[in-house]
Amino acid sequence: MITVLFFAQVRELIGEDKLQIPFEYPTAEDLRAFLSSRGEKWALALDNDKLLVAVNQTICALDTQLNDGDEVAFFPPVTGG
């Protein structure tokens with residue numbers, strides 16, 4: 001299983017903060033694409049042009065390989081002033 005966490009605007013758009021997904025997706029991008037196919041709000045929230053991903057609490061690229069038991073977090077880029 002993979003634990004998937006959603007933060008900030010991503011969480012607000014999809015109405016979920018955490019999911020348990022079977023380990024069937026070899027990369028974070030494959031997982032993102034699967035989740036995006038769940039509907040319009042998912043596709044909007046997980047648009048890879050405005051999305052960061054962390055695997056096991058380390059920010060990484062979407063082509064990062066996943067392993068069974070990983071924690072994957074999706075969140076928008078942080079801006080501040």
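Trainee: Which residues of the largest nonpolar core touch the most other members?

Mentor: This is a predicted model. Its largest nonpolar core has 20 residues, and those touching the most other members are Val-4, Phe-6, Leu-31, Leu-35, Leu-46, Val-72 and Phe-74.

Trainee: Take Leu-46. What is it in contact with, leaving aside its neighbours within four places in sequence?

Mentor: Leu-46 is in contact with Phe-6, Val-10, Arg-32, Leu-35, Ser-36, Leu-51 and Phe-74, once neighbours within four places in sequence are left aside. Of these, Phe-6, Leu-35 and Phe-74 are named with Leu-46 among the core residues that touch the most other members.

Trainee: What does Ser-36 contact beyond its neighbours within four places in sequence?

Mentor: Ser-36 is in contact with Trp-42, Ala-43 and Leu-46. As for Glu-12, 24 residues away from Ser-36 in sequence, the C-alpha to C-alpha distance is 15 Å.

Trainee: Changing topic: how many helices and strands are there in the protein chain?

Mentor: The protein chain has 3 helices and 5 strands. Read along the sequence, their pattern is β-α-β-α-α-β-β-β.

Trainee: How does the radius of gyration compare with the globule rule?

Mentor: The radius of gyration is 12 Å, close to the 12 Å that the globule rule gives for 81 residues, so the protein chain is as compact as a globular protein of that length. Along the principal axes, the C-alpha atoms fill a box of roughly 35 × 30 × 20 Å.

Trainee: What share of the residues counts as buried, and what does the chain expose?

Mentor: Of the 81 residues, 37% count as buried. The chain exposes about 4800 Å², and carbon and sulfur atoms supply 50% of that area.

Trainee: What about contacts between residues at least 6 apart in sequence?

Mentor: Of those contacts, 51% join residues at least 24 apart.

Trainee: And how many positive and negative side chains are there?

Mentor: There are 6 positive and 13 negative side chains. The centres of the two sets lie 7 Å apart.

Trainee: Back to single residues. Where does Phe-7 lie?

Mentor: Phe-7 lies in the loop between strand S1 (2-6) and helix H1 (8-14). Phe-7 counts as partly exposed, at 37% relative accessibility. Beyond its neighbours within four places in sequence, Phe-7 is in contact with Ala-73, Phe-74, Phe-75 and Pro-76.

Trainee: How far is Phe-7 from Phe-34, C-alpha to C-alpha?

Mentor: Their C-alpha atoms are separated by 18 Å, and the two residues are 27 apart along the chain.

Trainee: Which residues have a positive phi although they are not glycine?

Mentor: Ala-8 is one of them, with a phi of about 55°, and its place is in helix H1. At 36% relative accessibility, Ala-8 counts as partly exposed. Asn-56 also has a positive phi of about 55°; Asn-56 is found in the loop between S3 and strand S4 (58-60). With a relative accessible area of 42%, Asn-56 is partly exposed.

Trainee: What does Gln-65 contact, leaving aside its neighbours within four places in sequence?

Mentor: Gln-65 is in contact with Pro-26, Thr-27 and Asp-70. Gln-65 and Asp-30 are 35 residues apart in sequence and 9.6 Å apart in space, C-alpha to C-alpha.

Conventions. Residues numbered from 1 in each chain as written. Predicted model: local features only at pLDDT ≥ 70, side-chain atom pairs only at ≥ 80, totals over all residues. Heavy atoms only, no water. Helix = DSSP H or I, 4+ residues; strand = E, 2+ residues; numbered from the N terminus. Buried < 20%, exposed > 50% of the residue type's maximum accessible area, 1.4 Å probe, protein only. Contact = heavy atoms within 4.5 Å. Rg over C-alpha atoms; globule rule 2.2 N^0.38 Å. Areas by Shrake-Rupley, 256 points an atom, 1.4 Å probe, with all protein chains shown as cover. Lys, Arg positive; Asp, Glu negative; His and termini not counted. Charge placed at Lys NZ, Arg CZ, Asp CG, Glu CD. Core = buried A, V, L, I, M, F, W, Y, C linked by side-chain atoms within 4.5 Å.
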